[in-house]
Each structure stands twice: as structure tokens, then as C-alpha cells.
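Q: Hi! Could you walk me through this one? I'd like to start with the disulfides.
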Amino acid sequence: MKNLIGAALALSLACGGHASESPPPPSHDKVTPTGSASGSATGSATTPTMAPAGSAAGYSSSTLALPGGGSAGIGMDYLLFDPHTQSVWVPAGNSGAVDVIDAKTNHVDSIAGFATKEMDRNGKKRVVGPSSAALGDGVVYVGNRGDSSVCAIDEAKHAKGACATLDSMPDGILVVPQTNEVWVTTPRDKSIRILDGKTLAQKAKLTFDGDPEGFAVDSTRDRFYTNLEDKDATLAIDVKSRKTVATWKPDCGEDGPHGLRLDAASGFLFIACSTKVETMDVAHDGALVGSADTGDGVDDLDFAAATHRLYVGAAKAATLSVIDVDAKGQLRVAAVVPTRAGARNGVVDATGKVFLSHSKGSELVVVTPPATP
């Protein structure tokens, strides 16, 4: 697999990319939004310009500036692609907004008014705010570290609805359609909170002996999957009994497992480790059946079921790995595209275009696939 990555990196170098493990970002002019339009009552709208970034194996990349960025950048974590509206939801942290981007036009509608707060992390001050989003039935649920809230936002109108405040800071968030519940990982107290999908009232609190990280729901098997990042473990939880029914070892190492995606039809659970991605067969007792190196700095990943492809951004390596999944769950790197140092947590749209958060640059890195012959 390392030979495949080496070949892909050699190709990217030939196309203007970087071959080093942690390449400096290519120099380019700062991108700022141009023009404006009257937005919704909750915020403002802009249509940013795009700046070129790099290319490899027919893929091209550019950057999309977000509003509200300053010298500290815009802190971003989880992104969401909404296939109903063909839009990317960007909880924009310290800006106190959630930016909704039309994937076709790059038009940005900024939903303002989310709480922020300053906190200390590893001796450094930073401002936190909205950081995660999950798609429900006509709504998008947004988790906010600024006030430990979860709010429902109208998917089309972008108007804020019901909110609930937790007694622990939310991290990941996902809708479980079988039970019409919102499951929220709260790793600071080693728990998952289960909220009613309509009222957002807390229905249950599940506690663990480690820090839950990552999430995937399996409607075929009525399972919710999460990792215990500090235990290098992956859990399968029955969504109706709320009991942990299996504990598996993904072998991610000291950093532990991070993000999760599921191909429910095949029973393949894809696990993001810091420097690789793995395939776990949940239909066969969590057997590891595939692995591919990605470069360092992986947190979350995305999967396109229609094409059986994974998209994995590595923040330290400054690359996006495009990885094919075969019928046995084995992984093959199809392309490695140069991005930006710090670009991570990409989501893919219906055309294969990938949007990655780049907090330092107050922007998204947008990777576009080669045109179909």
C-alpha cells in the first residue's frame, strides 16, 4: 500500500503537488468574499471567489473563503453534506455562525447568533462555538460547544427552532432514524446523551470507561457504532436496548480510532486512525479486512456508497486520499491530492466533490474530481 501512495504522490508532484510528508501550503493570494446578497433573517449571504490550490491524477483543488475569519482563523470540526438541498453545513466555531454553502454555486448563507465562549486548552486560550451538525427529518441539528447546546435548524429556511442545553460539552452528533433520536457524544464525562428528535429532551445518558469518539448508525442491524479513543476500541450499541453488544479492537495504536463511516449494505465499518484507514466487518465479529495508509493527521472521513469510495483528509500530510473499496472490504488508494496543511474532515457531495475544513485559513479546501469522459 505504501508503494501505491508513493506512486500517487509522485504523480501529484508531476502535477504541481508536494512529495514531502508535511508540505508547506502553496503560496496564493488571500481569498475574500466578493459581492453580497440579502440573506435570511438569521444571517447574511455571500458568494465567495475561488483560488486554485493544486491537482493530482486529474483532481483539482481550490479554496473557498468563509465570512467572519480573523487572525485566529475559524475553528471548524465536523462538516455535513445535505443531499436534499445539495448544501454543505459548516459549524463555524468562534465566528458564532453556521455557514450553509450551495455545493453547486458556492453561495454562502451565514446563520448567525450562536453562543461562543473562551476556554483554555493545553495552556492556550481559544474561543469555541458551533462545531457539529447532523441531518434529521427536515431539520439539521447543530451541536454548540459555546453553551453546550443542541439546536434544530430548519433545513430549507435556516431558521432556528427548539434547543436543549446539556450539562457536558457536545462533540459528535448523529440522528438515529429507527428511534427518532439524536445521539450526542460527550467525551468530557465519557458519555453519550440520547435526545428526543422532536423536543430535544434528554431521554438517556450512556456512560463508558473511555472517551467516545466518532459515530455511525446501522439501520440494517439496529446498531450505533462509536469508538473509545483512549482505549483503542470500537463499540456496537443496540439502539433499542441501549446496551453495548460488542467491543472490537481496531488496532489504531496509541492515538486511538477517530471518525467512523458505514457501508450498511456490505457491513463494512470504516475507521479513521491518525495515519491510516481500516475496514472492519461488523457482520463477522468486527474482523479487520482492509487497511490503507493516508499520511498523518486524520480525524474524520467520508464515504460515497454509490461509487464505493472513501475520502480521507490528512491535516499534517496536507493531502486528500481517494480510496476504492472492493467487494471484500479491501482498500486501494486511487489518488492522493495536495490540499493545505491543516485541511481535514472532508465531506463528499453527489458529484464526488470534496469539501475539507481549513481552520487556519478561514476557508474550505474544495477538491473537484476529473471530468467524466
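A: Happy to! The torsion about the S-S bond of C252 and C273 is about -55°, so this disulfide (cysteine sulfur atoms within 2.5 Å) is left-handed. The pair links distant parts of the chain, 21 residues apart: C252 is in the loop between strand 22 (244–248) and strand 23 (260–263), and C273 is in the loop between strand 24 and strand 25 (276–281). Strands are DSSP runs of E, at least two residues, numbered from the N terminus.

Q: Before we go on, what kind of model is this?
A: This is a predicted model, where local features need pLDDT of at least 70, side-chain atom pairs count only at pLDDT 80 or more, and totals for chains, interfaces and linings use all residues. Residues are numbered from 1 along each chain as its sequence is written, and side-chain values use heavy atoms, with hydrogens and water left out.

Q: Thanks! Is C273 buried or exposed?
A: C273 is buried, at 1% relative accessible area. Buried means under 20%, exposed over 50%, and partly exposed in between (1.4 Å probe, protein chains only). C252 has 14% relative accessibility and counts as buried.

Q: How many disulfides turn up in the whole structure?
A: A search finds 2. C151 is joined to C163, with an S to S distance of 2.0 Å. C151 sits in strand 13 (residues 149–154) and C163 in strand 14 (residues 160–165), 12 residues apart.

Note on methods
Helix = DSSP H or I, 4+ residues; strand = E, 2+ residues; numbered from the N terminus.
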